[in-house]
Every structure is written in C-alpha cells, then in structure tokens.
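Subject: Structure for you to look at

Hi,

Here is the structure I promised to pass on. Please open it and keep it beside you while you read my notes.

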Amino acid sequence: MLLLLFDIDGTLVSGATEAHQAAMYEALAAVHSIDARKLGRPLSPAGRTDPEIARTILLDAGVSAERIDDRADEVREACSRAYARLCPPDLSQFVLPGIPDLLTWVSGRSDALPGLLTGNYEAVARLKLARAGIGSFFPSGQGAFGSDDEDRAG
C-alpha cells in the first residue's frame, strides 16, 4: 500500500487563509487577552504548525511559556470554533488546478491511500477541505495535524 501525504495550504488549496488567520487572532484574544494585530513583527505561517504560530505570537507579546502550555488546548478549541463561524461556506475557488482529478485518481486505486500531513489544527483542516469540496477524499481518523504536536518533527 502506498501512502500519499498531502499538506493543505499551498498544496491542495491556495489563498484560503484569511478566515484561518482571523480565527487564530480571535482565539489568542479570547484566551490570552492579546491583540495579535498590534504586534510589530510579521510572521509567515509557511512551514509552521498552528500551535507554533500561536506560541511565537504569544511569546512576542510577553506571555510565559508555562501559560502558553497551560492554555494550548483552550487556544485550539477557541480557534476551531472561531474558524467554523468565520470560514466562508464555499472555498472551492481556492482548490489548486488538477487537485480534484489527482485525488479522484488516487482514491480509485487499490494500492494507494491519501492522507493529510498539515500544521493546521485538525478541526480547521477538516472544515477547510470540506468547504473546498475535497474533504471526502481524506477519511477521518487518519492524518497528522498541528493539533497533534506543535513541532512538525514531534
């Protein structure tokens, strides 16, 4: 069996990040009372997990590592709830060209299994793909997500 792992942002979809960023900022404000928009250093999300992004923003805001760790689950849950509310109902225009055909081809093979390997929190990832119209290609219960571990090597 061949396992084919797909990242989401920049691989399956491109440009569907506005609601995701807004949800993260809302979660950090709700859980830690910080306004991430007012922090000076721009942060590129490329190659980072959602928890790593949250930690970097919070450390820059002066939040202790211990407090970040203690409230990491609250941030994940708040971000996921906010994303469910903020995410547009249709993200299909963000699916990269050729991806639906590729996923259809892979799903028709008996010797291949598509999987997710993403820094997104799982709830965010699943909703993003569902609203992009390609979520059904990735069965629940499998994959690796930012909510599994902050460090991609972890």
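Does Ser-33 count as buried or exposed? Ser-33 counts as exposed, because its relative accessibility is 65% and the cut-off for exposed is over 50%. Keep in mind that this is a predicted model.

Where is that residue? Ser-33 sits in the loop between α1 and α2 (50-60). Look at its backbone too. Ser-33 has a positive phi of about 55°, although it is not a glycine.

Now step back into helix α1, which covers residues 18-32. His-20 is part of this helix. His-20 counts as buried, because its relative accessibility is 8% and buried means under 20%. What does His-20 touch, leaving out residues up to four places away in sequence? Its contacts are Asp-9, Asp-50, Tyr-83, Asn-120, Val-124 and Lys-128.

Next, the helix pair. α1 packs with helix α4 (residues 72-86) at an angle of about 135°. Their axes are 8 Å apart. That angle makes α1 oblique to α4. The crossing of the two helices, α1 and α4, is right-handed.

Which residues meet there? From α1, they include His-20, Ala-23, Ala-27 and Val-31. From α4, they include Val-75, Ala-78, Ala-82 and Tyr-83. By class, the contact of α1 with α4 has 13 nonpolar, two polar and three charged residues.

Best wishes

Terms used. Residues are numbered from 1 along each chain as its sequence is written. This is a predicted model: local features need pLDDT of at least 70, side-chain atom pairs count only at pLDDT 80 or more; totals for chains, interfaces and linings use all residues. Side-chain values use heavy atoms; hydrogens and water are left out. Helices (H or I, at least four residues) and strands (E, at least two) are DSSP runs, numbered from the N terminus. Buried means under 20% relative accessible area, exposed over 50%, partly exposed in between (1.4 Å probe, protein chains only). Contact means heavy atoms within 4.5 Å. Axes are lines fitted to C-alpha atoms, for helices over the stretch in contact, and angles run from 0 to 180 degrees between N-to-C directions. Angles under 35 degrees count as roughly parallel, over 145 as roughly antiparallel, 65 to 115 as roughly perpendicular and the rest as oblique. A crossing is left-handed if the near helix is turned anticlockwise from the far one by less than a right angle, and right-handed if clockwise. Ala, Val, Leu, Ile, Met, Phe, Trp, Tyr, Cys and Pro count as nonpolar, Asp, Glu, Lys and Arg as charged, and the others, Gly among them, as polar.
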